[in-house]
Amino acid sequence: MAGIYSSTMEEKLDQLKDLLHPSHDLSQAAALLAWDQETYMPPGGAAARAEQLATLSRLSHELFTADEVGVLLDDLAPYEADLDEGSDTASLIRVTRREYQRARRVPAELVAEIAHATSLAQQAWVKARQESDFPAFQPYLEKNVDLRVQWASCFDVAPGGHSYDPLLDVYEPGMTTEQAQAVFQALRPALVDLTAQIADRQDAVDDSFLHLPYGETAQWDFSLEMARGLGYDFERGRQDKSAHPFTTSFSIDDVRITSRIDPEFPSSCWFATIHETGHALYEQGIDKALARTPLASGSSMGVHESQSRLYENIVARGKPFWTFYYPQAQDRFPSQLGNVPLDDFHKAINKSQPSLIRVEADEVTYGLHIILRFELEQAMIDGAVRIADLPELWNTRMQGYLGLTPPDDAQGVLQDVHWSAALIGYFPTYLLGSVLAVQFYEQAQADLPSLDESFAQGDFGPLLEWLREHVHRHGCKFTLPELTDRICGGPLAIEPYVRYLRTKFGDIYGL
Ligand code: ZN
């Protein structure tokens, strides 16, 4: 009679998938509308688009959180227990249950209140940032923080845990505040030290030839060439322009990126494209068996960022990559680069200097921008800082970590969109991803010792195949800690990252 038992379970599994598919389809359709909003939509379309996005998101959420989904997940629990943890089916049940329980915990009224408050807060933030007027934004931020505290209180925190845990868990499932704290606390002195050493050697790198007019079409075409070379499949993707570069996926076979152009600084376009290419390669590489389910996306924000940073910084700011691409760059931009040696170009694209703005920060100083935000977010959530005192605290920490004090709040506490959107818990994933990128890459190098040689010949296939096998194809079956353990045989480690930064920047700055 075992056959009857299992066919019943298979029927239930099919029923579960039948319920999940429309919810997934609606959220992918919403993603297309959001992509259009950032790329081609005329400004007049904004109000109607906001309604359409809200409707699709609500319907998708309602389908996903239906009682029937919960009943099926419960029914399937014994079946799941008999399966291999890493199998498609067990992973589908496990990940769906995690997301289902999270979505069901928060009362719909609170979700709606957050959506409403953040929409007002974002408008207020745009104006406050323009006018560098923190007091004008303060009541909105107080409201957002209060709502996020309420949101976090819908979840149980483990004994000894932090009230910030449920917020971090949204973007980095399976990672606690304490774990992230341990990583960042160990990292901070190394970053502060390296930043200070580089600050004393600023004359060692000249990047003046990057700050010249570069033809916009030529910049764009070269960015496409490099994305194609790295393996981005344009039969299943495309690149468009947007103010803030991003990657979005409508299915495994339609993954799009955006980039931007600074007419007098081509690094902006090229490295944004390559960063987004790293995200897109991940989404294009997910096993098609996972399509139309909650598994058909990257694992977490940190794992996603590990892929973009790996391509942007380790591959494309490395010398082997430019051994292949620099002659092409010189052909395309003879008046700007014709007389610049490869070594000088390589140093210039890695120029490191303390700066006020996170999104413009280099590899060495970037982490300090994140650590500062991570610390302030915890203080906001557990009430250790009054929101009114935030600008002063920000400025003191900036001085301590980067040796700079913002001249105004627009270049300080008001610079990022995240807090206006109540995205608290998101920032740490940027740095976790940077750390993870190097740890993964060291493992790839151990498995494939001639990666540098293949890059120098323009062959990026072996690296992509390795990432496909170990990371991409799994979609979001595994959390960051699970994936790190499977690939590297241990937890997230900072040593490879610190070693990488010291070696690379020690070389460039002659430290
Ligand atoms: Zn990214």
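**Zinc donors and a helix pair**

Guide: In this predicted model, local features need pLDDT of at least 70 and side-chain atom pairs 80 or more, while totals for chains, interfaces and linings use all residues. Residues are numbered from 1 along each chain as its sequence is written, and side-chain values use heavy atoms, without hydrogens or water.

Visitor: What makes His275, His279 and Glu305 donors of the zinc ion?

Guide: Donors are N, O and S atoms within 2.8 Å of the metal (3.2 Å for Na, K and Ca); water is not among the atoms, so sites may look incomplete. His275 (NE2), His279 (NE2) and Glu305 (OE) lie 2.1 to 2.3 Å from the zinc ion. They therefore qualify. Their spacing along the chain is H-x3-H-x25-E.

Visitor: Why is His279 called buried?

Guide: Buried means under 20% relative accessible area, exposed over 50%, partly exposed in between (1.4 Å probe, protein chains only). His279 has 12%, so it is buried. Glu305, with 6%, is buried too.

Visitor: Why is H3 called oblique to H4?

Guide: Helix H3 (residues 67–81) and helix H4 (residues 88–105) pack at about 140°, axes 10 Å apart. Under 35 degrees is roughly parallel, over 145 roughly antiparallel, 65 to 115 roughly perpendicular, and the rest oblique. The angle therefore makes H3 oblique to H4.

Visitor: Which residues make the contact of H3 with H4?

Guide: Contact means heavy atoms within 4.5 Å. Among the residues are Leu73 and Leu76 of H3, and Ile93 and Tyr100 of H4.

Terms used. Axes are lines fitted to C-alpha atoms, for helices over the stretch in contact, and angles run from 0 to 180 degrees between N-to-C directions. Helices (H or I, at least four residues) and strands (E, at least two) are DSSP runs, numbered from the N terminus.
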